Amino acid sequence: MTTTVSANRKGDRRERELVNALDEAGFAVMRAPASGSATERELPDVLAGDGETFYAIEAKSSAGDPIYLTGEEVEALLFFARNFGAKARIAVRFDREDWYFFHPGDLYTTDAGSYRVKKEKALADGTDFPEFVGETEKVTLGEVGGGDGDADEVDPETEERRAILEAVRDGHMPVEDALDVL
């Protein structure tokens, strides 16, 4: 068996895994038949919707090396998603990790016009599966305790904690001092 055939089988298995996970999360989902090079029409790997939001997904997996997509793959995904009325997403999965999702515009573009996702980028900046399917929501430090940003609603104790954490983050206060204050 050649490496290409083995890689294609692994890719197919990963796509089916993603389809099953989205199905279990309550999405109507399907693998696009003959996605990739088996048809003249460029189709995304997966179509999924929950009645409110619809996605056209290009799925890629890797043992650990960076994942690359050609400019043509991304352009075809964006074209299909726009015409279908779906949101374009790139789903990446590295061995022993979960799926992470990106809008194509959030990916690194190489000088040659390809798109790249490194494992570190996926883990740090990607939307993880629970957030993608609406089970959780990512919260940033700037959002902690700030309500909707209205200054009249900020809890003074929360604001003090935030200031201490920011001082530690910025290197102005040692962790031990912060623990004493908190």
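The buried residues of helix α5 pack against α6 (175–181). This picture comes from a predicted model, in which the chain forms six helices and nine strands. Of its 182 residues, 33% count as buried. Among contacts between residues at least 6 apart in sequence, 49% join residues at least 24 apart.

**Helix α5**

- Helix α5 covers residues 156–169, and its buried residues are Thr158, Arg162, Ile164 and Ala167.
- The partner of these buried residues in packing is α6 (175–181).
- After α5 comes Gly171, which has a positive phi, near 80 degrees.

**Annotated binding site**

- An unreviewed UniProt entry carries the annotation "binding site" for Glu15, Asp45 and Glu58.
- These residues are spread over 44 residues of sequence, yet they cluster in space, with a largest C-alpha distance of 9.2 Å.
- Asp45 lies in the loop that joins β1 (28–31) to β2 (46–49).
- Asp45 counts as buried because its relative accessibility is 3%, and the cut-off for that class is under 20%.
- Glu58 belongs to strand β3, which runs over residues 54–62.
- Glu58 has a relative accessibility of 9% and therefore also counts as buried.
- Leaving aside residues up to four places away in sequence, Glu58 touches Leu43, Pro44, Asp45, Leu69, Glu73, Leu77, Arg89, Ile90 and Ala91.

**Second largest pocket**

- The second largest pocket holds about 170 Å³ of space.
- Two elements each give two or more residues to its lining, namely β6 (99–102) and α4 (129–132).
- The lining consists of Phe27, Asp50, Tyr55, Arg89, Phe101, Phe102, His103, Thr127, Glu131, Phe132, Val133 and Gly134.
- By class, six of the lining residues are nonpolar, three are polar and three are charged.

Terms used
Residues are numbered from 1 along each chain as its sequence is written. This is a predicted model: local features need pLDDT of at least 70, side-chain atom pairs count only at pLDDT 80 or more; totals for chains, interfaces and linings use all residues. Side-chain values use heavy atoms; hydrogens and water are left out. On a 1 Å grid over the protein atoms alone, a cavity is a set of points where a 1.4 Å probe fits but cannot get out, and a pocket is an open set with protein on both sides within 12 Å along at least five of seven lines; lining residues have an atom within 4 Å of a point. Grid points are joined across faces, edges and corners, and a volume is the space filled by probe spheres set on the points. Helices (H or I, at least four residues) and strands (E, at least two) are DSSP runs, numbered from the N terminus. Ala, Val, Leu, Ile, Met, Phe, Trp, Tyr, Cys and Pro count as nonpolar, Asp, Glu, Lys and Arg as charged, and the others, Gly among them, as polar. UniProt positions are given in the numbering used here, feature names are shortened, and annotations may be inferred rather than shown by experiment. Buried means under 20% relative accessible area, exposed over 50%, partly exposed in between (1.4 Å probe, protein chains only). Contact means heavy atoms within 4.5 Å. The expected span of a helix is 1.5 Å times one less than its number of residues.
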